[in-house]
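Dear colleague,

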Amino acid sequence: MTREAIDEFRRFQRDKEVNSQLYSKLTVRGKVQVKSSDIQVGDLIIVEKNQRIPSDMVFLRTSEKAGSCFIRTDQLDGETDWKLKVAVSCTQRLPALGEDSDPPVHESLSIENTLWASTIVASGTVIGVVIYTGKETRSVMNTSNPKNKVGLLDLELNRLTKALFLALVALSVVMVTLQGFVGPWYRNLFRFLLLFSYIIPISLRVNLDMGKAVYGWMMMKDENIPGTVVRTSTIPEELGRLVYLLTDKTGTLTQNEMVFKRLHLGTVSYGADTMDEIQSHVRDSYSQMQSQAGGNNTGSTPPRKAQSSAPKVRKSVSSRIHEAVKAIVLCHNVTPVYESRAGVTGETEFAEADQDFSDENRTYQASSPDEVALVQWTESVGLTLVSRDLTSMQLKTPSGQVLSFCILQLFPFTSESKRMGIIVRDESTAEITFYMKGADVAMSPIVQYNDWLEEECGNMAREGLRTLVVAKKALTEEQYQDFESRYTQAKLSMHDRSLKVAAVVESLEREMELLCLTGVEDQLQADVRPTLEMLRNAGIKIWMLTGDKLETATCIAKSSHLVSRTQDIHIFRQVTNRGEAHLELNAFRRKHDCALVISGDSLEVCLKYYEHEFVELACQCPAVVCCRCSPTQKAHIVTLLQQHTGRRTCAIGDGGNDVSMIQAADCGIGIEGKEGKQASLAADFSIRQFRHIGRLLMVHGRNSYKRSAALGQFVMHRGLIISTMQAVFSSVFYFASVPLYQGFLMVGYATIYTMFPVFSLVLDQDVKPEMAMLYPELYKDLTKGRSLSFKTFLIWVLISIYQGGILMYGALVLFESEFVHVVAISFTALILTELLMVALTVRTWHWLMVVAEFLSLGCYVSSLAFLNEYFGIGRVSFGAFLDVAFITTVAFLWKVSAITVVSCLPLYVLKYLRRKLSPPSYCKLAS
């Protein structure tokens, strides 16, 4: 309990640190500093750049000229990209703070005018009005309360301890009954309960807790998995019993770094090795345009004629590439940001940044890492996005010329539409173009008929690439004006606004010209594939729970080999009611050995009506992918698995959105990722990389479980053997309730004489770490829980009864002449037996074990000289003092040796025969 209290106190200190951050609050009297725990609804709070937003707020004003700012939401939803938030325009326009505004203004607020708690301001200083605090904020409502975790091994040992308690009561009752209920029998009953109380292994908890501390220390000191931290020291054995591993995708399996891999134009495809061809095409087309422009200025037209008589095919590929690259560089929501040079301060910073379009200090920010990858790629082929605000964009051509485009409309990406669009006007030619890009399912009905899109999308998806289809449509001035008036009207309607707006935009999305298909790869973390392979071979079923899109999740499941190449993937259709769910479950039941991909909404419906059937089917799958999962849903899936299968679950993640899942699982592992430390702080174990989980489970989990099982049973055996001796002693002496050994001997027996060798079992290992990593199949045996079960427990009980009986009867039979010395002899034989039994249990010797054995033996021998008055039967007044002369006689030595041999030799013989006739799986490997 003390250790758990220390763990809790550390958590309390970490929370307090977060809650006492200072913020500026605007009041009538000016700015006031306020602690984040004292912020209330309705306060006006100023948040600086790189500061955490303390509560949910409405975004009123920003220091940025554009009237918008970026926030980082990695701790809220696990995405590392930045989100653009827009200030409420009427408060952004106010000339200065504290002035009264004109008559009331009506303005509709939308989700982009809000700032969520736990996100971080990435640009500028913002002012917001607080709308929700504390437990009502969006981030807190998405987390569940943590529970106290108790290991399965501890529960099993608790069951065995209860059995031992019943045995203790039964034995005492039997003794009193055999006595014949003479005299004050109830007093005798209590005396027997006290005499046999060693059956209850009180030192078990102490030994196990010390063992757990040692395992934790070993994990943190392992050089193969540096940076591992054990935050909950009570459950290291759980790592050896896992059957289900639930993992997050973003930042856990993937690095969340996108790399542009493929551009497909229908007839020709460009990969990483042919990007230089695109570069030369782009350079050519822009130099031709420039020469054209130069020619036109002088009033002659021949250059244009000359160009049209150029060979047709060459021109078409070149111009198509140029069109495609131009569409990619214009159709996005990316903003280039220039880091100011060090040493420049204040206003000059902005002035400097405006002119300084140099490449080295430009970074791109966007709501999606895919978009950043696309814009970075267009920069590498020569067409660079140099600046952008809400109304315009500037591009730089390979020759250094700057092209300006005016942004007329922007239709952002939504999960329903799965596409984004932009209407731009080229300032040099006044042409209006509508560009669009999106997922293949959303774009294929919109673009003109073609015969290659579907097939190529399939090919790229099989390689694990994320695909985007890019298309365009040229608009005349009249078409655009007509569209704009309808669009503005739709935006102002009070009812079904979103539907009406979508309908107006859809009127443009017809017969668009297909330009290209792009493929972007999300790079996996180091060694994800071999680690997943190892875990699968160890019999662990892996479920991927992600907040990301279905297409992306499927891509990663394929590229990380979570789903092997030969396996089919069953994508569970969107279901909304009971009937649809029933049909879809039946369709899925007919498929064999195929991975399941399901979205959060469909999952919710299935669990509402067919919880048991769904979990049963899903558990038979080799792999399950749940996409679009909310944090609470992730935790719900974990608890469902625990309830339905009764198996141990492990959750691994790295973002604030994985905390609920990590706390709900039997064993939570957090990765210190880019997404901050929220998950690793809430977890039971914190690691640096996903691949470390292999060694953590195969080696440390295995050893912790095996060692604790051996240690626990040995401590029970130690108590049982001495109680058996007491029982034999009492029954020989007419069921007298007299103690066999005096107080100090009993205390010394459990501590100084046997503690070190028994505790040294925490250093034992059955398989070398290299073997355990090489043959993950060994891990399967552990999940059956055979190292500690009622069967192994009964074997140990029988051993204890046999040995206790032999030791006591042997002492009584061999020592008829010097009967007073029976205590000395039986106790010496008992200590030797215990030391030999430790040696019998050990599988791999460690030098500390040998030291412990000899140290305990030395302690015992040296204590014989001091404790002679204890070695009498019953009280010292019997006069049976121990004389050193007697111990040194040969008779004493051979008789003790004989008893010890009789008690231990049969067990050694049995162990040897068992090793030969039915060896455990690890022995076969070791030989």
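Which residue in β6 does arginine 72 stand opposite? Arginine 72 faces tryptophan 82 there. Please bear in mind that this is a predicted model, in which local features need pLDDT of at least 70 and side-chain atom pairs count only at pLDDT 80 or more, while totals for chains, interfaces and linings use all residues. Residues are numbered from 1 along each chain as its sequence is written, and side-chain values use heavy atoms, with hydrogens and water left out.

Strand β5 (residues 68-72) runs antiparallel to β6 and is joined to it by five bridges; strands here are DSSP runs of E with at least two residues, helices are runs of H or I with at least four, both numbered from the N terminus, and two strands pair if DSSP finds at least two bridges between them. The order β6-β5-β8 makes an open, antiparallel sheet of three strands. Because β6 (82-86) and β8 (120-121) stand at the edges with a single partner strand each, one side of each is left without a neighbour in the sheet.

There are also two cavities of 30 Å³ or more, a cavity being a set of points on a 1 Å grid over the protein atoms alone where a 1.4 Å probe fits but cannot get out, with lining residues having an atom within 4 Å of a point. The largest cavity holds about 60 Å³, a volume being the space filled by probe spheres set on the points, which are joined across faces, edges and corners. Its lining includes Trp543, Phe614 and Cys626, and α20 (600-620) and α21 (631-645) each give two or more residues to that lining, with α20 giving the most, four.

Best regards

Technical notes
On a 1 Å grid over the protein atoms alone, a cavity is a set of points where a 1.4 Å probe fits but cannot get out, and a pocket is an open set with protein on both sides within 12 Å along at least five of seven lines; lining residues have an atom within 4 Å of a point.
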